[in-house]
Amino acid sequence: MYVCICRAVSDGQIRDAACQGVCSLEDLSKCLGVGTGCGRCRQHASDLLTETLAEIGKPVISIALAA
Ligand code: FES
């Protein structure tokens, strides 16, 4: 399922990124472009990143939702 329509980024890509060491929304935006278009996906992407990091036992560095 696509989380970010503007950049065609799926939930699986976000989960994979978290497993590969991405631990902030800022880093997620840099590596996948999530939230760099309209920004509507940022909350969902942030929630998914936080959820995935909790599942794999990694800390969340920062979740900045400001555009
Ligand atoms: S849906 Fe992600 S930036 Fe627009």
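**Reading the fold**

Author: Begin with the order of the elements. Along the sequence of this predicted model, the pattern is β-β-α-α-α. The protein has 3 helices and 2 strands.

Reader: How much of the protein is made up of buried residues?

Author: Of the 67 residues in the protein, 28% are buried. Another overall figure concerns contacts between residues at least 6 apart in sequence: 51% of them join residues at least 24 apart.

Reader: Which residues touch the most other members of the largest nonpolar core?

Author: The general idea comes first. In soluble globular proteins, nonpolar side chains tend to be buried together. In this structure the largest nonpolar core has 14 residues, and those touching the most other members are Ile 14, Leu 28, Val 34, Ala 45 and Leu 49. At least two residues of this core come from each of strand 1 (2–4), helix 1 (11–19), helix 2 (25–32) and helix 3 (42–56).

Reader: What does Leu 28 touch?

Author: Leaving aside residues up to four places away in sequence, Leu 28 touches Ile 14, Ala 17, Val 22, Val 34, Ala 45 and Leu 49.

Reader: At roughly what angle do the axes of helix 1 and helix 2 cross?

Author: A helix pair is read from its axes, and then from the residues that meet. The axes of helix 1 and helix 2 cross at roughly 115 degrees and come within 11 Å. Their crossing is right-handed. On one side of the contact are Gln 13, Ile 14 and Ala 17 of helix 1, and on the other are Leu 28, Cys 31 and Leu 32 of helix 2. By type, the residues of this contact are 5 nonpolar, 1 polar and no charged.

Reader: Why is helix 1 described as oblique to helix 3?

Author: The axes of these two helices cross at roughly 45 degrees, coming within 9 Å. Helix 1 is therefore oblique to helix 3, because angles under 35 degrees count as roughly parallel and 65 to 115 as roughly perpendicular. The crossing of helix 1 and helix 3 is also right-handed. Helix 1 contributes Asp 11, Ile 14, Arg 15, Ala 18 and Cys 19 to the contact, while helix 3 contributes Ala 45, Leu 48, Leu 49, Thr 52, Leu 53 and Ile 56. These residues divide into 8 nonpolar, 1 polar and 2 charged.

Reader: Is Leu 25 buried or exposed?

Author: Leu 25, which lies in helix 2, has 22 C-beta neighbours inside 10 Å and therefore counts as buried; the cut-off for a buried residue is 20 or more. Positions apart in sequence can also be compared in space. Leu 25 and Ser 46 are 21 residues apart in sequence, and their C-alpha atoms are 6.1 Å apart.

Reader: How many C-beta neighbours does Gln 13 have inside 10 Å?

Author: Gln 13, found in helix 1, has 18 such neighbours, so it counts as partly exposed. Its C-alpha atom is separated by 9.9 Å from that of Met 1, 12 residues apart along the chain.

Reader: Which phi does Ala 8 have?

Author: Most residues other than glycine have a negative phi. Ala 8 is not a glycine, yet has a positive phi of about 50 degrees. Ala 8 is located in the loop between strand 1 and strand 2 (9–10). With 11 C-beta neighbours inside 10 Å, Ala 8 counts as exposed.

Technical notes
Residues are numbered from 1 along each chain as its sequence is written. This is a predicted model: local features need pLDDT of at least 70, side-chain atom pairs count only at pLDDT 80 or more; totals for chains, interfaces and linings use all residues. A nonpolar core is a set of buried Ala, Val, Leu, Ile, Met, Phe, Trp, Tyr and Cys residues joined through C-beta atoms within 7 Å. A residue is buried if 20 or more other C-beta atoms lie within 10 Å of its own, exposed if 12 or fewer, and partly exposed in between; C-beta atoms are placed from the backbone. Helices (H or I, at least four residues) and strands (E, at least two) are DSSP runs, numbered from the N terminus. Two residues are in contact if their C-beta atoms, placed from the backbone, lie within 7 Å. Axes are lines fitted to C-alpha atoms, for helices over the stretch in contact, and angles run from 0 to 180 degrees between N-to-C directions. A crossing is left-handed if the near helix is turned anticlockwise from the far one by less than a right angle, and right-handed if clockwise. Ala, Val, Leu, Ile, Met, Phe, Trp, Tyr, Cys and Pro count as nonpolar, Asp, Glu, Lys and Arg as charged, and the others, Gly among them, as polar. Angles under 35 degrees count as roughly parallel, over 145 as roughly antiparallel, 65 to 115 as roughly perpendicular and the rest as oblique.
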